[in-house]
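My entries follow the order in which I checked things.

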Amino acid sequence: MTNNFSRCLFTLLIVALANYSQAASKPNIIIIVADDLGYADLGIHGCKDIHTPHIDSIAKNGVRCTSGYVSGPYCSPTRAGLLTGRYQQRFGHEFNPGPAGNNSPAFGLSLDETPLPQLLKNAGYKTGMVGKWHLGSTEKFNPINRGFDEYFGFLGGANSYTDGKTIVSNIVRGTKTVEEKEYLTDAFAREAVAYVDKQKKDPFFLYLAFNAVHTPLQASPKHDIDRIPNPNRRTYASMLFAMDDAIGKLLLKLDKENLTENTLIFFISDNGGPESVNFSDNGHLKGVKATTWEGGIRVPFFVQWKAV
């Protein structure tokens, strides 16, 4: 299927909410976003040197949109399109803001837009976000003020995985800076599982936006893949393994709480891989992140809703 992810997402959610408007329980909704993932770096897409069984399972148990496209070739505009269901150019959000700490305090997701979490909140959902925001770093743009009940992550475009103080975007819970000692991808897994545990009795929306496998290239302490000869590719693989494990923990939690059948799960990457930067692989697709060739905007796109 060929789809622009933002429009397809909103269409599916409208159908889901319409079908369940009179039901005792609306479907839970989870959107999982990878960052700078290479198109050919998943097992389901034929990758041989990196195993991604948990991500692959979403495709195997659901629908694999084999020609899925995002609405921009890099991070912030894609997220703006995703959370509004609109082409980001229509509200002046077609560019990244610049390095963390140097971007304008006026930059952020337009306050004239009503983002997805606010719409779902109005429909009776609990709303939570874990991960990379990249849609404004001042308080008025904070996820807590854009429809999310809870937030844990960082507000900029990149962050250290091993030391939250290395890059300007501090780790925050809500609007308060917190210290995080765990490998960041593992911390996001912990927070996502905790959110499901907290909200398991109510319809919930979870936006899980990883910064993996975006730079800086920092290997997971739990995953050392000696069999991959290129050390840079080995580090990238370690980061991707960590993200797949994190997704596996979330899926396991859904199973344990008997929530899997009635949870609508999306998986995408925000754009294509920047092959020469993070040693990702876009396979047969021409182009890379920041280009509008296929390698920049065609992404893995899977949808699972077992009850339907």
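The notes below go from the whole chain to the sheet, the helices and the cysteines.

I note that this is a predicted model, where local features need pLDDT of at least 70, side-chain atom pairs count only at pLDDT 80 or more, and totals for chains, interfaces and linings use all residues. Residues are numbered from 1 along each chain as its sequence is written, and side-chain values use heavy atoms, with hydrogens and water left out.

Whole chain. I found eight helices and 12 strands, taken as DSSP runs (H or I, at least four residues; E, at least two) numbered from the N terminus. The C-alpha atoms fill a box of roughly 55 × 45 × 40 Å along the principal axes. I looked up burial (under 20% relative accessible area, 1.4 Å probe, protein chains only): 58% of the 308 residues are buried.

Sheet. I traced nine strands in an open, mixed sheet, ordered β3-β12-β10-β2-β9-β5-β6-β7-β8; two strands pair if DSSP finds at least two bridges between them. Its edge strands, β3 (63-64) and β8 (176-177), each pair on one side only. Strand β7 (residues 171-173) is antiparallel to β8 over two bridges, and R173 has K176 in β8 as its bridge partner.

Helix. I checked α3 (residues 75-84), which packs on the sheet and touches β2, β5 (126-132) and β9 (204-209); contact means heavy atoms within 4.5 Å.

Cysteines. I found zero disulfides, meaning pairs of cysteine sulfur atoms within 2.5 Å. C65 is buried at 2% relative accessible area, and C75 is buried at 2% as well.

Notes: Buried means under 20% relative accessible area, exposed over 50%, partly exposed in between (1.4 Å probe, protein chains only). Axes are lines fitted to C-alpha atoms, for helices over the stretch in contact, and angles run from 0 to 180 degrees between N-to-C directions.
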